[in-house]
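Have a look at it first, then read on.

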Amino acid sequence: MKILVVDDMTSMRHVMISMLRRLGFTEIDEATDGKRALELLDKKTYELVVSDLNMPHVDGLALLHEIRAKPSLKDIKILMVTCENGRDRVQQVLLQKVDGFVIKPFSLATLEKQLRKMKLLDAIE
C-alpha cells in the first residue's frame, strides 16, 4: 500500500512515518503542504493520504476537496490529522467525506485503531 503523508511540520511528518512503519507500512512518501501533495498525486498512485488540517498554501480541507473532486483520485482513503478539537471544525471536515480523523497528540494505538476502522491494516497483515 502506498501512503502519502502531508504536514508542514517536518517533525510531525517523521513521527507519522515512523508510526506507519511500525505498523508495517513501507511505501511512504511525504509532502510539505497540500500544493506539493497534489503534485505528487498527479504523478503517483496512493491508496492512503494522511494529511494535517492546518497548512500553508493548500490546507488539509482544500486538499480533501481537490482529491474528492477528481475522478481519478476520489476513491483514495484520507486520514485527517489535527490539533483542533472544536466541534464545528471537526464536523466541517467530517462532512467533506474524510475517511478517518485523529486529534493530536495521539499514540500509535490510536493510529492503529483508526486504520483498522478504515480497514487499511488488513492489507498488510
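## Salt bridges across the chain

Lys70 and Asp42 pair up through their side chains in a salt bridge, 3.2 Å from N to O (a salt bridge being a side-chain nitrogen of Lys or Arg within 4 Å of a carboxyl oxygen of Asp or Glu). This pair links distant parts of the chain: Lys70 sits in the loop between H3 and strand E4 (77-82), Asp42 in helix H2, 28 residues apart. Helices (H or I, at least four residues) and strands (E, at least two) are DSSP runs, numbered from the N terminus. Asp42 is exposed at 55% relative accessibility, while Lys70 is partly exposed at 24%. For these labels, buried is under 20% relative accessible area, exposed is over 50% and partly exposed is in between, with a 1.4 Å probe and protein chains only.

The structure holds nine salt bridges. Another one joins Asp29 and Lys44, with the closest N and O atoms 2.9 Å apart. Asp29 is in strand E2 (residues 27-31) and Lys44 in the loop between helix H2 (34-43) and E3, so this pair ties together parts 15 residues apart in sequence. Then there's Arg116 with Glu112, at 3.1 Å from N to O; these two are four residues apart in helix H5 (residues 108-117), or about one helical turn.

What does UniProt list for Asp52? An unreviewed entry gives "modified residue: 4-aspartylphosphate"; such positions use the numbering here, feature names are shortened, and annotations may be inferred rather than shown by experiment. Asp52 belongs to strand E3 (residues 48-52) and is buried, at 5% relative accessibility.

Leaving out residues up to four places away in sequence, Asp52 touches Val6, Asp7, Asp8, Gly60, Met80, Val81, Thr82 and Lys104 (contact means heavy atoms within 4.5 Å). Asp7, Asp52 and Lys104 are also linked in a network of salt bridges.

## Helix H3 and the overall layout

In helix H3 (residues 60-69), the buried residues are Gly60, Leu61, Leu63, Leu64, Ile67 and Arg68. They're on the same side of H3, because they cover an arc of only 160° around the axis, judged by the directions from the helix axis to the C-beta atoms.

Zooming out, the protein has five helices and five strands, running β-α-β-α-β-α-β-α-β-α from the N terminus. Of its 125 residues, 46% are buried.

## About the model

This is a predicted model: local features need pLDDT of at least 70, side-chain atom pairs count only at pLDDT 80 or more, and totals for chains, interfaces and linings use all residues. Residues are numbered from 1 along each chain as its sequence is written, and side-chain values use heavy atoms, with hydrogens and water left out.
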